[in-house]
Structure formats: structure tokens, C-alpha cells
Amino acid sequence: MVTLLRWWLIFCLMIIGFGVGVYFDVHNQIYDADSTRLSFLILSITFLTSIWIGVKTYQFNVKKRFHQTAETGWFIAESCLVLGMIGTVTGFLLMLGTAFANIDVTDSLTLQQALSDMAIGMSTALWTTLVGLICSLILKVQLINFESGN
Amino acid sequence: MDSNSKYKSSVGFTDMLFNILVGFAFLFMIAFLLIKPEAKKEDFERKAEFIIIMEWNHDAPDDIDLYVEDPLGLTFMWKTRWGCRFLSGTLWAISCTSIKMIWVTETTKLLSVVSHHRLLSIEKW
């Protein structure tokens with residue numbers, strides 16, 4: 001039962017963290033900065049997987065179904081990191097692909113546009129990495145909690 | 001998946017290394033884009049012996065005159081703030097609150113610069 005309560009505490013802290021992020025308008029910043037929207041995919045996967053881990057924990061601790069494994073959870077936690085890496089590579093490609101398309105070094109306006117495009121690619125890379133790392137950490141904490149109860 | 005392999009993922013570390021690479025590439029591109037070509041030299045060499053700058057308050061009601069006399073007795077003058085006389089060998093640059101007179105010939109010698117009985121600043125160029 002303690003394991004289930006610990007999972008509930010972690011889940012509530014995660015929801016509060018999301019709420020604080022929404023309060024400080026982080027979701028709009030991510031929407032503007034991450035052109036691939038992979039960050040939202042990672043967040044959605046994390047939310048659903050957290051509920052799945054909670055169900056597993058509930059079945060183990062309350063329903064006494066002891067044949068519960070969390071290998072899929074570990075795979076999903078690792079997948080969050082991989083998705084962050086995919087976002088990084090995609091952001092790198094965006095940065096390289098669009099920067100020099102219509103650039104004129106004598107015109108400051110085109111330089112500004114090129115720098116703006118490059119900044120979008122870089123922000124995509126960094127945001128997906130950050131979201132992937134945080135979500136992976138959240139999932140791993142829940143999985144460790146689940147396995148310690150086993 | 002054994003328990004050790006769960007905690008030994010290097011994807012995050014590789015991701016961070018890749019981000020550092022992205023950052024370096026970004027800085028390199030900024031440096032590359034901000035390299036400016038060498039400034040073009042002037043088409044002709046401007047020679048001047050003196051620069052006289054007169055400045056005034058734009059809202060002041062006072063009239064402002066500027067007289068300059070050369071050794072031959074010729075007087076260069078600027079009478080009103082709304083206009084000026086262009087004389088050979090002399091370049092005037094006028095804005096709303098200042099006037100700048102530049103001697104182009106090297107032989108002209110400055111005798112006096114008077115504006116409301118006040119000697120203006122004279123700079124050797």
C-alpha cells in the first residue's frame with residue numbers, strides 16, 4: 001500500500017509540476033520553440049505511462065496480482081530519451097537546411113531571418129532534449145518505486 | 001532486460017553531446033554570417049585645414065550669424081538658420097541645430113570666426 005501511496009505522491013507532484021509550467025506559460029514557449037511538436041508527444045506518452053504504472057502498482061498492492069512486470073515501462077522511459085534525441089537531430093537539420101537558403105550577406109534583413117530560422121532549429125533541439133530527459137526521469141522514478149514494492 | 005542495463009543508458013549523454021555540437025555549429029554560423037567585408041575606401045581624398053562647428057538650441061529665438069574672412073578679404077558668411085551661401089572651395093553641412101564649415105583648400109588662413117561676439121571652437125583637421 002505504501003508503494004501505491006508513493007506512486008500517488010509522485011503522480012500528484014508531476015501534475016503540480018505541469019500546472020506550474022502552464023501557469024508560467026511554458027507550454028506556449030514550447031509550442032513556439034519546438035517546431036516538430038515532439039515535446040508534446042513525449043509529455044503525452046509520459047502522462048499515459050504514468051497512469052499505466054499506477055494501474056500496475058494498484059493491481060500489485062491492492063488486488064494482490066503479483067505477476068506484474070514493468071519491462072515495457074522501462075522501454076518507454078528509454079524511448080522518451082530517444083524521442084528527445086530524434087528532436088535534437090531534427091532541430092539540427094532544420095538549422096542547417098533553412099539557414100542558407102535565401103541568404104544575402106549584404107542585406108541585414110536576410111541575415112536576421114537566417115538567424116531566426118537557425119534559432120528555431122536550435123530551440124527545437126534543446127527543448128526536445130530537456131523534455132525527454134525530464135519525462136524519462138519521472139517515469140524511471142515511478143518504475144523504481146514500483147519495483148521496490150515488488 | 002537485466003537490472004543493470006536499465007540504469008546504464010547513454011542516450012541522454014549522447015543527446016547532450018549532440019546539443020553541444022548544435023550549439024557550436026550555431027555559434028560558428030553566427031560568426032560566419034557576421035563577418036563583414038572590408039569597408040570601401042573613399043573615392044577621393046578630402047583635404048581640409050579647419051573645421052568650424054556652430055551649434056545652437058533649436059528652440060532659441062536668437063538669430064545666428066557666422067562670418068569667416070580669409071587673407072584675401074573674402075568673407076564667408078552664413079546669415080540665417082534657414083539658408084547658406086555656397087562658396088568655391090568651401091563645404092557646408094547644416095542640420096537643424098548646427099552648422100559645420102570645412103575648408104577644402106589648404107592655403108586659406110582663418111582670421112576670425114564670430115557668432116554673436118563669441119569665438120567659436122576651431123578644430124584643426
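For chain B, the share of contacts with a separation of 6 or more that come from residues 24 or more positions apart is 58%.

A note on what I am reading: this is a predicted model, in which local features need pLDDT of at least 70 and side-chain atom pairs count only at pLDDT 80 or more, while totals for chains, interfaces and linings use all residues. Residues are numbered from 1 along each chain as its sequence is written, chains are lettered from A and ligands numbered from 1 in the order in which they are written, and side-chain values use heavy atoms, with hydrogens and water left out.

**Chain make-up**

I looked up the secondary structure next, taking helices (H or I, at least four residues) and strands (E, at least two) as DSSP runs, numbered from the N terminus. Chain A comes to five helices and zero strands, whereas chain B has two helices and eight strands, and along its sequence chain B follows the pattern α-α-β-β-β-β-β-β-β-β.

For burial I used relative accessible area, with buried meaning under 20%, exposed over 50% and partly exposed in between (1.4 Å probe, protein chains only). Of the 150 residues of chain A, 39% count as buried, and in chain B buried residues make up 30% of 125.

**Cores**

I then asked which residues have the most contacts inside the largest nonpolar core. A nonpolar core is here a set of buried Ala, Val, Leu, Ile, Met, Phe, Trp, Tyr and Cys residues joined through side-chain atoms within 4.5 Å. The largest one has 20 residues, and the three with the most contacts inside it are I42(A), I53(A) and L143(A). The elements that give two or more residues to this core are α1 (2-23), α3 (38-61), α4 and α5 of chain A, and α5(A) gives the most, with six residues. Leaving out residues up to four places away in sequence, I53(A) touches W7(A), L139(A), Q142(A), L143(A) and F146(A). I also noted a second, separate core of twelve residues, which includes F92(A), M118(A) and A125(A) together with A25(B).

T57(A) lies in helix α3 of chain A, and I recorded it as buried because its relative accessibility is 0%. Beyond residues up to four places away in sequence, T57(A) touches T3(A), L4(A), W7(A) and F146(A). T57(A) and G149(A) are 92 residues apart in sequence, yet 8.4 Å apart in space, C-alpha to C-alpha.

A33(A) has its place in helix α2 (residues 26-33) of chain A, and its relative accessibility is 11%, so A33(A) counts as buried too. The C-alpha atoms of A33(A) and A125(A), 92 residues apart along the chain, are separated by 9.3 Å.

**The salt bridge**

How many salt bridges does the structure hold over all chains? Taking a salt bridge as a side-chain nitrogen of Lys or Arg within 4 Å of a carboxyl oxygen of Asp or Glu, I found one over all chains. The side chains that meet in it are those of K140(A) and E78(A), at 3.8 Å, N to O. The pair links distant parts of the chain, with K140(A) in helix α5 and E78(A) in helix α4 of chain A, 62 residues apart. K140(A) counts as buried because its relative accessibility is 18%, while E78(A), at 21%, counts as partly exposed.

**Where chain A meets chain B**

Last, I turned to the interface, where 28 residues of chain A are in contact with 20 residues of chain B. The two chains bury about 2200 Å² between them, 79% of it on carbon and sulfur atoms; buried area is the accessible area (1.4 Å probe) that two parts lose on being put together, summed over both. In chain A, M85(A), F92(A) and M122(A) lose the most area to chain B, together 22% of what that side buries. The elements that give two or more residues to the side of chain A that touches chain B are α4 (71-99) and α5 (108-149) of chain A. Across this interface of chain A and chain B the rule finds zero salt bridges.

How values were computed: Contact means heavy atoms within 4.5 Å.
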